[in-house]
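We will go from stop to stop, with something to pick at each one.

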Amino acid sequence: MKHLKPLNKKALRIEETISSTEEDVIALQQKPMHTPMGCSISFSPGWEVDAGGGTAGLCQPAERDIYDCYVTCFWPVQVPDHVNYSPDWASNCATAAKDWRSLDIIFP
Amino acid sequence: MKKLGFCIAALLAGSTAAHASTLFMGSYPDKMLVMDEATGAIKDRITLASGLPTSMRLSNDKAKIYITTITTSGIEVIDTKTKKVVNSFSLNTPTVRYRFNGGVPDPTGRYFYTMIQKFEKLNDRYTVSPQMFGVIDLAKKAVIRTADVPDEDVRNGAGRGNYMLSADGKTLFLIRDKVLVIDTGELKVKDRLEFSKPEATGIEGVSFGGGVETLRNPNEYVSLFNAQDPYIRNKIFGVGRFDLATKTFAFHPIGPAPVSGGMAGLQVSADMKEGWTVVTQEKVGNKRCEFWHIDLTTNLVKNKAEFPCRTRFQFGLSGDGKMLYIYGASYDIEMYDTQTLQHIKTVDLGNDTTGAGMIITQ
């Protein structure tokens, strides 16, 4: 096929379509899922809304949920990112619900 | 007569203390909690130099606990007798980071098998590796071998499977929606065992659940399973045993699965005569939870009891089989009697626990 050249627009588009699938730029939704390091691709709704759109299904109190969000990037905008830029955010706070004032302050 | 009663009670108390078991739990921000099960007292908070624990694995001889940590992508090894860290390291360097969660040590304790991803900062860009099978040398404290996971076996949450290793250390089993059989010498997938439609059992849609900890042994993977028959779609649950040597799967159905709800794990007594599960109905604010206590000899539910459940929780069984544990997404463990299913006490751990679960040693 390499010796063939597209002569009209349609053939050119076919060639572009085929070649685009061979590029190393991979769409995030393409299978298998390509997941870059970090939390920037997580787009969960605002802090904190449960699966039903309300707050009744959240951890009580909500601070009980904060550490798992911190580690898994569940609310990456609202909660610091443990993996990349804030590994020490909770270093002085063993129990978020009781001792949240000891959490570090993050400046973006 | 009263004195005799007191003597017997004292003897029993003494024997309980003699067999008191130790419970290990991963917690924030970088601690491994060591709890005396008999009293509920925290005996130690072991600091993990490589950071936050995300998974724990007890060696087959029960002498060591292998912990993976996420903060600096590390491994910590704890001796269960001395309760001290005997090996600790991080795989990360200033320019290279790894991600992995869970894994299994080989019989010699020298190598650790897992699934891994590598992120490298080059002069002009970052490179992200594909998902790989990886071998970590616990003596050299480095990744020594990797091999790309075939495209058809790539899944989101790559390493969150259940790992088992054959007794000779030559075959790795990754148990997920299917069982991947991996040669540890070449790190190649040799076989993919589908159990979604097992032959001659009359059931289909079998899926593996989490391992049943009390029945854990080196030769087989014991798990809760859900299945349904192909005719009237009757859903059932039970215990499945995957034999590592013969690569066969045996089913032990227990009973009908809840119609509209879910089941949060299965705990089974060491003698396989009693089982417990948590059945949840409805969602978010309307969520209701019940303990189901099952007689496994007759496959009948002996009793049920509703309890105030958390939004997220993990379910466990004490080492002596006398208490059910509800824990996770909090700093405490709620303890319930296995026979009456009534609340006994709540133990404040002083640290929020991670999803690493718990390991109980005698």
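Two residues are in contact if their C-beta atoms, placed from the backbone, lie within 7 Å. Where pLDDT is low, the predicted coordinates should not be read in detail.

This is a predicted model: local features need pLDDT of at least 70, side-chain atom pairs count only at pLDDT 80 or more, and totals for chains, interfaces and linings use all residues. Residues are numbered from 1 along each chain as its sequence is written, while chains are lettered from A and ligands numbered from 1 in the order in which they are written.

Next, pick residues 1-18 of chain B. Their pLDDT also stays under 50, and the model has two contacts beyond four places in sequence for them. Now colour the whole of chain B by confidence. Its average pLDDT is 85, and 87% of the residues score at least 70.

**The sheet**

Which strands make up the open sheet of four in chain B? The order is E14-E15-E16-E17, with antiparallel pairing. Strands are DSSP runs of E, at least two residues, numbered from the N terminus. Two strands pair if DSSP finds at least two bridges between them. Select E14 (162-165) and E17 (188-193) of chain B: each stands at an edge with a single partner strand, so one side of each has no neighbour in the sheet.

Four bridges join E15 to E14(B), and the two run antiparallel. Zoom in on B:Leu165, which stands opposite B:Leu172 in E15(B).

**A tyrosine stop**

Click B:Tyr113. Beyond four places in sequence, B:Tyr113 touches residues including B:Leu165, B:Leu172, B:Val104 and B:Thr184.

**Strand E25**

Go to strand E25 (residues 300-307) of chain B and select B:Ala305. Is B:Ala305 buried or partly exposed? B:Ala305 counts as partly exposed, because it has 15 C-beta neighbours inside 10 Å. The cut-offs are 20 or more other C-beta atoms within 10 Å for buried, 12 or fewer for exposed, and partly exposed in between, with C-beta atoms placed from the backbone.

**Where the chains meet**

Finally, show both chains. The contact takes 24 residues from chain B and 26 residues from chain A.

Key
pLDDT is the predictor's confidence in each residue, from 0 to 100.
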